[in-house]
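Thanks for coming. Please look at the sequence and the structure on the screen before I start.

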Number of protein chains: 2
Amino acid sequence: MPAEPLTVAHVSESQLLSRIFPRLNTSASILLGPGDDAAMVAAPDGRTLISIDTQTQDQDFRLAWNSGYRTTGFDVGWKAAAQNLSDINAMGGQATSLVVSLTMPPATPVAWVEDFADGLTAAIVALGAPDCSVSGGDLGRGREIAVTVAVVGSLGGLEPVLRSGARAGDVVAVAGTLGRAAAGLALLESHVPVTEWTAEQRSLADSQCRPTPPLAAGPLAARAGATAMMDISDGLMRDAGRLAAASNAVFDFDPVALKGYAAALVPVAALLDQDPMPWVVGGGEDHGLLATFPADIQLPDGFTAIGSVQAVAGSQGDGVRIAGQAADTVGWDHFAD
Amino acid sequence: MPAEPLTVAHVSESQLLSRIFPRLNTSASILLGPGDDAAMVAAPDGRTLISIDTQTQDQDFRLAWNSGYRTTGFDVGWKAAAQNLSDINAMGGQATSLVVSLTMPPATPVAWVEDFADGLTAAIVALGAPDCSVSGGDLGRGREIAVTVAVVGSLGGLEPVLRSGARAGDVVAVAGTLGRAAAGLALLESHVPVTEWTAEQRSLADSQCRPTPPLAAGPLAARAGATAMMDISDGLMRDAGRLAAASNAVFDFDPVALKGYAAALVPVAALLDQDPMPWVVGGGEDHGLLATFPADIQLPDGFTAIGSVQAVAGSQGDGVRIAGQAADTVGWDHFAD
């Protein structure tokens, strides 16, 4: 009979923290780390970017999927870090620190929490945020697992790239993947058993559970003169609609470019009897970047042109088009049914 | 028949945000407010204090209490702001911004969320954090209400006051209230109906639901030369134990001074057939400050001496005493049973 796993109900908060701290990386940005009522982080240009994001069990992830895949603490830690690092990337900045609040049922194994801490660190290191480390946090009980991360970052003296700066004539470009996280989600929710997944299928599931925002691309875009930028977390069409609305412009996408992203997803779409295009235009959580650039500059490394910005004509309103036709804004809204 | 209240299930995320934003105050510290992937906050001395704290329904507050009191959105917003402002106060700093993540069931009334936003703003204004406003947030669904706030703040060029600096011979002092939040909690959980509460009893419940950390006292203490400081969130004895451990010292409290705090709670203690002293030494959530100062300086406004710091002698270990006798570290640990 296997031994009962050690759960968080069996250890004190300070004992749990003493298991977490050694698993976190360190960075020069942290002037004062965990242990006091607040941490202190360097803000060398006198400004701090800040964002916050929560993942809740059964809303943002399942612990067990139809496919048999079980979400690990490592996955949850990685994704929480990646989503927040992406928000700083989307402004053209570089993350300097995360603070992490983890709420969980008392029956949560201590090993799960250790794995979660390892996932945070692994994402920071693998995605390329060398100035960033966890400087503090909060642990608490709840009926479900919920993770909130707040991230601070630096622009290194650059101006932030906003959502509102796209101008008619600009090129619309993306960095990172489109549709892979949604394909991975479809696979996780399918009845294709995890034990039978190919390496490519596992990689798609990883895109959902451990997204890889292109952290070099944000600062490169800011330096290259991007006029507007955001990360694609709720789907290309929905997020493009937000960028278009903030900029009072129309975004027109090139269907050939979009189909290029779908082509790589055809095999798994066939397996699941689905259409890959909705994953590309409607799937969120890849955490790539959507940006606009003046037409006369060379796109920075990692960006691919997929459309253009057009002026709003008369009363037609803001919006998103594909080859000039109105596109449904397929995506994810947290409350709309 | 009363009309069904409008719930968050009936509105989109952007509609809900458009009801929240006008209820938030503004401050000069916010260089870029909500609407982009991250906000931008001034960090004039090149450093940012940061902390994070979560409140979860049925763990940190009840929506309905035995007394019949119903926790309002205003209460939850106020307390979330106050707890976080207190963490910056405890370092000797001043808060510059909050970012707020609110997770809630779809049946949550929109009016509750509006009340929550009003509570955030009211706390910021009433407690005296004029440089602080909400710069961003996140809304999501969950089975229970959970609020996570991250706060950033500035030291204005001062050095942070740490937990580790208390030295033998220092005076131990507190600012703010002791035991009132615990008395309020006992009252909320009692069967004394809210409809029969006196003004003083209502004020005690407010100490629990809408704590009032003394935000002027932290920066005053830092400037006066406080050697160690933290906020009292988990009870005087437990938090003093943490300060003593971090400073490798022993804290000895004056029972006469402690009894002074208990005296004011005698009437409600008698009503509830309880002893007020455990509220004073063990009750948390007043969010006063516990600080140590060199014995030869005048305590800053708002601080009252309640003990002294003594050296650790031989193998006796770190700890907390009352008149030289070992004190039980009564308090709250999130996981210990």
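Predicted model: local features only at pLDDT ≥ 70, side-chain atom pairs only at ≥ 80, totals over all residues.

Residues are numbered from 1 along each chain as its sequence is written, and chains are lettered from A and ligands numbered from 1 in the order in which they are written.

First, the two copies. A rotation of 180° with 0.0 Å of shift along its axis puts chain B onto chain A, with an RMSD of 0.0 Å. The superposition is by least squares on the C-alpha atoms of residues with pLDDT of at least 70 in both copies. The copies are thus related as by a two-fold rotation axis. Within chain B, the residue that comes closest to that axis is Gly46(B), at 2.3 Å for its C-alpha.

Next, the interface. Contact here means that the C-beta atoms of two residues, placed from the backbone, lie within 7 Å. By that criterion 63 residues of chain B are in contact with 63 residues of chain A. On the chain B side, strand β3, residues 47-56, gives the most, with 9 residues. Helices (H or I, at least four residues) and strands (E, at least two) are DSSP runs, numbered from the N terminus. By class, that side of chain B divides into 30 nonpolar, 19 polar and 14 charged residues. Nonpolar covers Ala, Val, Leu, Ile, Met, Phe, Trp, Tyr, Cys and Pro, charged covers Asp, Glu, Lys and Arg, and the others, Gly among them, are polar. Because 100% of the interface residues of chain B are also interface residues in chain A, the copies meet through the same surface.

Two strands pair if DSSP finds at least two bridges between them. Between the chains, β2(A), residues 39-42, pairs with β3(B) in the antiparallel sense over 4 bridges, and Met40(A) has Leu49(B) as its bridge partner. Within chain B, β1(B) and β2(B) run antiparallel, joined by 2 bridges.

What do β4(B), helix α3 and β5(B) make? They make a right-handed β-α-β unit, with α3 spanning residues 110-127 of chain B. Right-handed means that, with the strands pointing away from the viewer, the path from the first strand over the helix to the second runs clockwise. The two strands run parallel, joined by 8 bridges.

Last, one residue. Ala82(A) is in helix α2 of chain A, residues 73-89. Is Ala82(A) buried or exposed? Ala82(A) counts as buried because it has 25 C-beta neighbours inside 10 Å; the cut-offs are 20 or more other C-beta atoms within 10 Å for buried, 12 or fewer for exposed, and partly exposed in between, with C-beta atoms placed from the backbone. Among the residues Ala82(A) touches are Ala123(A), Pro211(A) and His287(A).

Methods
Lists of a residue's contacts leave out its neighbours within four places in sequence.
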